[in-house]
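Please keep the sequence and the model open while you read.

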Amino acid sequence: MVWAPEAPSTPSRPAGDEVAALSKLQVLRLLDSGPRGLVEAEAESRLLRHGENVLPGRRPVSWPRRLARSLRDPFTMVLLALGVVSALIASWGTAGVIVLLVAASCVLRSNGEYRADRSTAALRELVATTATVRRRASEDAEPWEREIPVDQLVPGDVVKLGPGDLVPADVRLLRARGLTVHQAPLTGESAPVPKRALDLPEGDDHLCRQGSSVVSGSALAVVAATGAGTMLAGSSAAPARRLSAFDRSVNGISWTLVRLMVIIPPVALVANAVLRGRGLEALPFAVAVAVGLTPEMLPVVVTTALARGSALLARSGVIVKRLAALHDVGAIDVLCMDKTGTLTRDRPVLRDSIGPDGGPDPGVLRWAAINSFWTLHLADPPVPDALDEAILLGAPDHGDVEGVDASPFDPVSRVSCALVHDGGAHRVVVKGAVEPVLERCTLSPADRLRAARLADRLAEEGLRVLAVATADRPAVHRLGEERGLSFAGFVTLADEPSPEAPGALAALSRRGITPKVLTGDHPATAARTCRDLGLNVGAVVNAGELADLSDAELAEAVDRATVVARCTPEQKARVVRALRASGHMVGFLGDGVNDLAAMRAADVGICPRGAVDVTREAADVVLAAKDLAAVDHAVAAGRRSTGNIVTYLRIALSSNVGNVIAMLAAGLALPFLPMLPVQVLVQNLCFDAAQLALAFDRADPAVLRRPLRLRPRAILRFVVGFGALNAVADLVTFAVLTWVLDVEGAPAFHTGWFIENMLTQAVIMLLLRPISGVSRPLGLATGALAAVGLLLPLSPLASAFGLVALPATSYLWLLAVVGLYGGVLLAITRRRFRGKGHRTP
């Protein structure tokens, strides 16, 4: 929201156009602020008046609102429609049980989502985006700078911006140096946009909007609007997060079942009318059959399983920012990463400085140190570059040199520049990757080829090679595309391999995950490091060679490669998109602003807690540190949760489909309905309640060994097969009740089938799983389900549900049928899950 006045002493509310047209001084006066920042007490007062700097759509959803939203679930909507139909034909028992099912599902789901979101929000506070703000303790005190949460910013605050920072609000620039901003979320521009702190505005170069991010340079700015008053809050074009693989899979299964639920009642009615002469009296049964197909607890089990997995991960410092990402991280089969800080320690060590002739040359190191020193001091990066620190640590004093201007390392151009005053002359010093520096130098083809070959030999030794070049420039010179440079030579640095990386890489490989290194380093350097860590390098690709390839050719090339070197940020993103297009589930582990595009392109973005703000905000999973072992823990937790969800879907749908097939067949073969609608619904309610225990089931070790994702077609094939087997067990029960026990009357038949159904569902929950061990929650749930099936017909409530007591011999026959079914099911599942190994669903 924009700061609004409450008293004559406070400034009037500035309109967006008015702020855009004002000079720096006019804006500061309008906001009653200054370059030294707000007084702390005034900032607190403004926060109370105008609220937190939070976009309206990001405020937490209340529990009642979640409850109302859960009614829009496709299953719930169909169930409510069936309940209305039951009420219209005065089938009050059926309508009442449907309402009870809907209420239980919605309450449990809303409560689970509310608690999960509260827990996630509490965890996200640990990695909340912050802003560097300048404030004062009192009017006369000196200003000081500190990090505060972005939601605590108010209009008039003075903030600092640097590479990797999210622009925390709509701001007006007061000072800027080499500032470029990525504002695609607002304007759709893919390339970074330069910004200038003009005193007399021209266009909007002097404005930065919330939702954009700093690519390079630094700035000092004053906050003009926060919260609902920002351009992002008022924009209808704010991008929505794309559906994840998990969302698409669940939606596919849900809508398939919804279509069946809509089709079954008319089919059952027509069949009963044609073959049995039943009219509307069969409608409650048809409705009950449709309800019997519904996995009402699907949203509840999904939320519970994912929330439990996220909570367990949080204990080890891994934060899952959205629940669906837990499934996605368990499904990845390719993990893309940078080399530095992941496979190696983020502490490079200076090795040598080499002249153009290949011999030692201390002068090269001096110029490299000058570039590093003034880049760090004048460009003011939020996090010092590790290469610059290593050069300064190993370099001698570089003499009396005064810095004039500097531009930090740009991941696109892959160079950094410093303009310095050295002994009466002004000189520009350029340092960066070998190819772009050599391109800027005045060299003969032979000298250029000789320098490139020298760099290749150094890289093959596993060294990181930086080229250095200089040139005289006038005192007033704007840094940009430097040309006509004199090549000075190379400095080399060594990366120390991470001692934990080999073990972590081996663990990921055992889980069926292929690592791919996307780096800006020289191909030989990256390949040597990977070999030292025990990786099977295979093909090594230079990203520059991929530019002319079609998407299909690119997908084939990167699928074979382990290392893609000399990557720009956009090339990393293109490689990730190519891998996804070829059918892989791709995770990307990064921490810098140059990783942002690839992270957004991946199925799962992963970053450490110490990543730059914009990367951490875009990530789906945040690690305590940039550690591959933590990624392995997240993958295992994701597969456990997904395994439990898959088990639920298999059990619930197989049982429901089998019962529906059997009920439809028996309804046409018998002179009476095989089960009363209220009995179908009570059975469904008991089964749904018991299945909640599956969210807490144990994980099969086979599930953890392979990428695991929800595959609707595979699950539906499984359901058809085992649903048919379940239907056969029900039809055998019909035969036993009709011809062996010769039960008299519909109530006895209904009771026998009700008992068999409850027992077989308990057996299915125990056996239709990829593991033999039974967790305590599952044991209690199945025991309770079997007890209800056996005891309800003997209880005082039996008559209310149309059940009667059966002779003891009937129980023995029913138990024999259930035992035979359990034996067949056990043999099949052992062969499927043990003999052939657990397959990805």
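Glutamate 570 and arginine 577 join their side chains in a salt bridge, with 2.7 Å from N to O; a salt bridge here is a side-chain nitrogen of Lys or Arg within 4 Å of a carboxyl oxygen of Asp or Glu. The model is a predicted one, in which local features need pLDDT of at least 70 and side-chain atom pairs count only at pLDDT 80 or more, while totals for chains, interfaces and linings use all residues. Residues are numbered from 1 along each chain as its sequence is written, and side-chain values use heavy atoms, with hydrogens and water left out.

**Salt bridges**

- By the rule above, the count comes to 30 salt bridges.
- Glutamate 570 is partly exposed at 46% relative accessibility, and arginine 577 is also partly exposed, at 39%, where buried means under 20% relative accessible area, exposed over 50% and partly exposed in between (1.4 Å probe, protein chains only).
- Lysine 160 and glutamate 145 form a salt bridge of 3.6 Å, N to O.
- Because lysine 160 lies in strand 4 (residues 158–161) and glutamate 145 in strand 3 (residues 144–149), this pair ties together parts that are 15 residues apart in sequence; strands (E, at least two residues) and helices (H or I, at least four) are DSSP runs numbered from the N terminus.
- Arginine 464 and aspartate 521 form a salt bridge whose closest N and O atoms are 3.2 Å apart, and both residues are buried.
- A network of salt bridges links Glu40, Arg135, Arg146 and Asp157.

**Surface**

- Trp739, Val740 and Trp813 make up a nonpolar patch on the surface, with about 400 Å² of accessible area together; patches take residues with over 30% relative accessible area and no salt bridge, joining like charges within 9 Å and nonpolar side chains (Val, Leu, Ile, Met, Phe, Trp, Tyr) within 5 Å, and the areas come from the Shrake-Rupley method with a 1.4 Å probe, only the protein chains shown counting as cover for residues.
- Tryptophan 739, which lies in helix 25 (residues 712–740), counts as exposed because its relative accessibility is 72%.

**Cavities**

- The whole structure holds 4 cavities of 30 Å³ or more, a cavity being a set of points on a 1 Å grid over the protein atoms alone where a 1.4 Å probe fits but cannot get out.
- The largest cavity has a volume of about 60 Å³, a volume being the space filled by probe spheres set on the points, which are joined across faces, edges and corners.

Definitions and conventions: On a 1 Å grid over the protein atoms alone, a cavity is a set of points where a 1.4 Å probe fits but cannot get out, and a pocket is an open set with protein on both sides within 12 Å along at least five of seven lines; lining residues have an atom within 4 Å of a point.
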